[in-house]
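Please bring up the model and keep the sequence beside it. I will go from a single hairpin to the sheets and then to the interface.

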Amino acid sequence: MKNLLYKEFRLCMVPMVPLFYLFALMVLIPSYPYLVAGFFTCNALFYVFNQNAISNDLTYSVMLPVSKKEIVRGRIVFCVIIQMIMFVLFIPMILINQLSGPAGNPAGVDASITLLGALLTVFLVFNTSFLPAYYKNPSRLGKHFLRSVIIVFVWIFLVEGTMGVSQALQEKVSVFAWIANRLDCFPKTTEAVVTQLILLAICALVYGLGMVLIFRRSVKNFELVDL
Amino acid sequence: MNLLEVRDLTKRYERFTLDRVSFSLEPGYIMGFIGRNGAGKSTTMKAMLNLIHKDGGEVWIDGHNFAAEEMLCKCKIGFVMGEFNCYQKSTLANITEVTRRFYKEWDETAYRGYLERFSLDERKKVSELSAGMRVKYALALALSHNAKLLILDEPTSGLDPVSRDDLLEVFRGVIADGTRSILFSTHIISDLEKCADYITYIKNGKILASTDVDSFRASFRLVAGEREQLEAKRPYLIGCKPHAFGFNALIHAADAAQFADCRVAPADLESIMIYTEQEDSHEESAL
């Protein structure tokens, strides 16, 4: 596993990936759907898969004395690391956003702990759509990515839209008021902090469990592939 | 003990079947794996290495069942599909640094030796190497993790004659100590004439012959006869080529007595393959 991860970072990583982390700066833009910034990490992963297809990474990997299961594990852990780096980069961006800009985000999820949880769900939705499909048919990379982009943007639209609507209608609907005051704001009360931390914990748990299931499904698919 | 033993390897596709392919190779020899494009050479190699799922059969590497001990067997194998064309933008040093971590038996001294012997510059990127140098790099990697069996799929295709000859010399050097063997597929028959000890001939997914090169050659003859002899001789002919004055054909050596009135000559590998494949196309066109 350690050797496969070393291979991922030494041979498979493309220079463009660190550049995609600059999209974390989008969290500093006032009134912006910040989850779109998270999507760019998924886009970076696509560049990795695409470049690796060109460089025959799978051909090289399957000839190493490792099992197909290990190959999948190495790549999925690599994807998680890439996504977690973006997750961590979001934290200072959220703090700077709150210190420098006006409160609230009419375009969607506010820069908050909730945004971190929502970011994990964006990653999970992408991974669920993309990774098992890729390991079922590695040669249809573009098709898998295109479908995943559509699904991810529908998810982003739903999450951002829910938060945007909550803010707009918080004075008319009590549920939206609760969302706006507890979830979709930079937490300034203990209740809001606790609520958002619970949400983040749930999202992290779902992400973790989801990645285990994605790994299992991907291994199952890859075992059936003729290279 | 055989270094490689393939038993009844079978893979079924909708329009092609690799049909109970069997052959074996002892340490210290080079086996040429020949056949037309689409005959099943690459499919056989991939099925041997579990890159595609076989429908039947077994592969044994140095006494170990590949299916049961895949990791151990992979350590004993160096496999190159064509030239080494992975990670084109990476330097050889980078690729080697990663590769060596996967092999407990990696021999850095041997690796340095092969780099020098093959005149490989580790600072170069894969994309900067010629086709011949890429094959040599793949060989250097394989030999440095102490691979006993090199399986090379069309390693000489795309190389100029000088580079091919150079590479074939390298092959001979690799097996010189009698502990390693090479199985390489090719449709360049002259390569086999130069370096193969054994030959395995596959046609339409079936093994036609797997024997030493001399026996294989000796089991055929080339014949040339007059036009009026053609019909009487036709049952013995393989891939007959009629022309204005008579015919040329291949025959089994065992039938040579029937051709005392014709010109008979030893057969070379290329002629054997051409006439054998032509026989098939005649049958197909007749159908």
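B:Asp62 has a positive phi near 50 degrees, and it sits in the hairpin of S4(B) and S5(B), where two residues lie between the strands. Strands here are DSSP runs of E with at least two residues, helices are runs of H or I with at least four, and both are numbered from the N terminus. This is a predicted model, so to speak of conventions: local features need pLDDT of at least 70, side-chain atom pairs count only at pLDDT 80 or more, and totals for chains, interfaces and linings use all residues. Residues are numbered from 1 along each chain as its sequence is written, chains are lettered from A and ligands numbered from 1 in the order in which they are written, and side-chain values use heavy atoms, with hydrogens and water left out.

Strand S4 (residues 56–61) of chain B and S5(B) run antiparallel and are joined by two bridges; two strands pair if DSSP finds at least two bridges between them. B:Ile61 has B:His64 in S5(B) as its bridge partner. B:Ile61 in S4(B) is also the bridge partner of B:Leu4.

Chain B has another open sheet of four strands, antiparallel, in the order S12-S13-S11-S14. Its edge strands are S12 (238–243) and S14 (263–266), each pairing on one side only. Neighbouring strands in this sheet are turned by 20 degrees against each other on average, direction ignored; the axes are lines fitted to C-alpha atoms, and angles run from 0 to 180 degrees between N-to-C directions. Four bridges pair S12(B) with strand S13 (residues 246–252) of chain B in the antiparallel sense. B:Lys241 stands opposite B:Asn248 in S13(B).

Next, salt bridges, meaning a side-chain nitrogen of Lys or Arg within 4 Å of a carboxyl oxygen of Asp or Glu. Over all chains the structure holds 28. One of them joins the side chains of B:Lys74 and B:Glu70, at 3.3 Å from N to O. These residues are four apart in helix H2 of chain B, which means that about one helical turn separates them.

How many salt bridges does the rule find across the interface of chain B and chain A? It finds one, between the side chains of B:Lys11 and A:Asp226 at 3.0 Å, N to O. On the chain B side, the elements giving two or more residues are helix H2 (70–75), strand S6 (77–81) and helix H3 (92–99). H3(B) gives the largest share, five residues.

In total, the contact (heavy atoms within 4.5 Å) takes 26 residues from chain B and 25 residues from chain A. The area buried between the two chains is about 2400 Å², with 62% from carbon and sulfur atoms; this is the accessible area (1.4 Å probe) lost on putting the two parts together, summed over both.
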